[in-house]
Amino acid sequence: MNLKGNEAFFSFPAMGYFFGEIMFDAKGVPYDLKIVDVNFSFKKLMGLQSKEIIGKSLLNMFSGFDCEFIEKVRISLSQNKIFQDFVYIPKYGKYVFITVVPKDEKFVLISFADMTEVIRYREKMLKLNKIQNTINKVNSVIINANNLEYLYQKICDTLSELDEIVLVFVALFPEKEKQSKIIAIGGQEDTKHYFLTDVKSLFDELGVLSDVVKKRKVVLVKNILENVNFKHYKDSILKIGVKSLLALPLIYEKGLKGALFLLSKNDNVFGDVNVINLIKTLTYDLAIGIEKVKLRKELMEKNKVLEKSIEDILKILSKFVEIKDPYTLGHQINVANLSEQIAIKMGLPENQVRTIRLGALVHDIGKIGVPIEILVKPGKLSEKEFELIKEHPIIGHNLLKDLIYPYNTLAEIALQHHERLNGTGYPNGLKGSDISLESRIIAVADVVEAMSSHRPYRPSLGIEKALDVITKGKGKLFDPEVVNACISLFKEDNFSFSKNLE
Ligand SMILES: [Fe+2]
């Protein structure tokens, strides 16, 4: 064979080269390449000596090459064209980029660029990137979580989506107890089941779980099957397909400590310091998230107490009106109950339903400012007396407007509860959607309650008559949707005003 003219290629230090002689079968079809010569870099790349390579078949020596590759060589030869390919050679763990140069009808020159480092680096970056993305997902869970159970479970579910991870769990260690308690677990159903029934007790026995917490250190088991602690439990461990383990201490609080465990199906998955650091960062974020959830929970409980106190104060305020005008005893509570149910029936959000209930509780608070003799006067009021009655929404508004937000919004409700859709209401003659939905609901509940209640100067007109009045006023005086919800409550849901006016 004539290598003349190719010495320069062969002496190029960074690139591996070999000359191959094409092997033909009886029909003249190429089926393999015989390695005729190699340069120093090629031997270095594969860790082989000349005598181990020269004269050998390419397909036998390097498992990454196959018949398909030989076919490509044949085409390249027949067209006298260079071709390039990317080949992984498993036996030598090498990723190589090759360029095949046809020399004549029997020989080819093949260059090998070792891409292994580049590929490994890319794989590592992809892996870190995936972990980072998962951590971002977990952080968004941490930001939005309102309860710890949800937080732990969501984190386990999210982390178990990572490649190579078969099981993720959070274990707590109540003080003075030997057994740990798994409070959240993520992974395949059968793996989780098998772990909880067969392997978890083994972990407790070995103290794997408690060690993490007591020492407050990251525990890394690169290869469980080779670890002396696990040597008697290989079968059980193999059954859940776990080969490596990473555990990080998680929670520090009185009498309760815990840890996050990640179990992988491959060995040495957590060996990379970057992976451990990323997951460590996650546990710091998680610790902050846990604190935040606790604070938020405490705050919500305090808010509930505050809200209850405010509702109680408003109830007391509403009773001032009833002390002054005992004929309307329980009116505001009844209106509050009905308005609340109408709002729920209409599918309004929880906050709005609550505002409507509170607004209804004090909608007539302005009556405190109306002379008592007018409030309790039996029979028809004179025009002048009615003008004074019509002041109560404005007085109510002035009383409530200085409350702190959001309770000052009740002032507007009190102001508008006698407004009517067609503008015939008072005090401002507002029309349609200029009247707030809250006030439109209370207006209907107010009329229904007032008509169906006994008054000293007249008997109850009855619920049927009350519903008849709002039906006739539907679309003219009253919001049609509110009227429909109110009628449906009485006709279909058997709503009735409570006798116990608490
Ligand atoms: Fe009123």
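Me: Left-handed or right-handed: in which kind of crossing does α13 pass α17?
Reply: This is a predicted model, in which local features need pLDDT of at least 70 and side-chain atom pairs count only at pLDDT 80 or more, while totals for chains, interfaces and linings use all residues. Helices are DSSP runs of H or I with at least four residues, strands are runs of E with at least two, and both are numbered from the N terminus. A crossing is left-handed if the near helix is turned anticlockwise from the far one by less than a right angle, and right-handed if clockwise. On that rule, α13 passes α17 in a crossing that is right-handed.

Me: At roughly what angle do the axes of α13 and α17 cross, and what does that make α13 to α17?
Reply: Residues are numbered from 1 along each chain as its sequence is written. The axes (lines fitted to C-alpha atoms, for helices over the stretch in contact, with angles from 0 to 180 degrees between N-to-C directions) of α13 (350-361) and α17 (409-416) come within 9 Å and cross at roughly 60 degrees. Angles under 35 degrees count as roughly parallel, over 145 as roughly antiparallel, 65 to 115 as roughly perpendicular and the rest as oblique. The crossing angle is roughly 60 degrees, which makes α13 to α17 oblique.

Me: Which residues of α17 meet α13?
Reply: Contact means that C-beta atoms, placed from the backbone, lie within 7 Å. From α13 come Thr 355, Leu 358 and Gly 359, and they meet Thr 409, Leu 410, Ile 413 and Ala 414.

Me: Which residues of α18 make the contact with α13?
Reply: The axes of α13 and α18 (437-452) come within 10 Å and cross at roughly 50 degrees, so the two helices are oblique to each other. On the α13 side, the contact uses Thr 355, Ile 356, Gly 359 and Ala 360. Their partners in α18 are Glu 438, Ile 441, Ile 442 and Ala 445.

Me: Which residue of β4 is the bridge partner of Phe 83?
Reply: Strands pair if DSSP finds at least two bridges between them. β3 (83-89) and β4 (94-102) pair in the antiparallel sense over seven bridges. In β4, Phe 83 is partnered by Val 100.

Me: Which residue takes a positive phi in the hairpin of β1 and β2?
Reply: β1 (16-24) and β2 (30-38) pair in the antiparallel sense over seven bridges, with Gly 20 opposite Ile 35 in β2. The hairpin has five residues between the strands. The positive phi, near 80 degrees, belongs to Gly 28.

Notes
Two residues are in contact if their C-beta atoms, placed from the backbone, lie within 7 Å.
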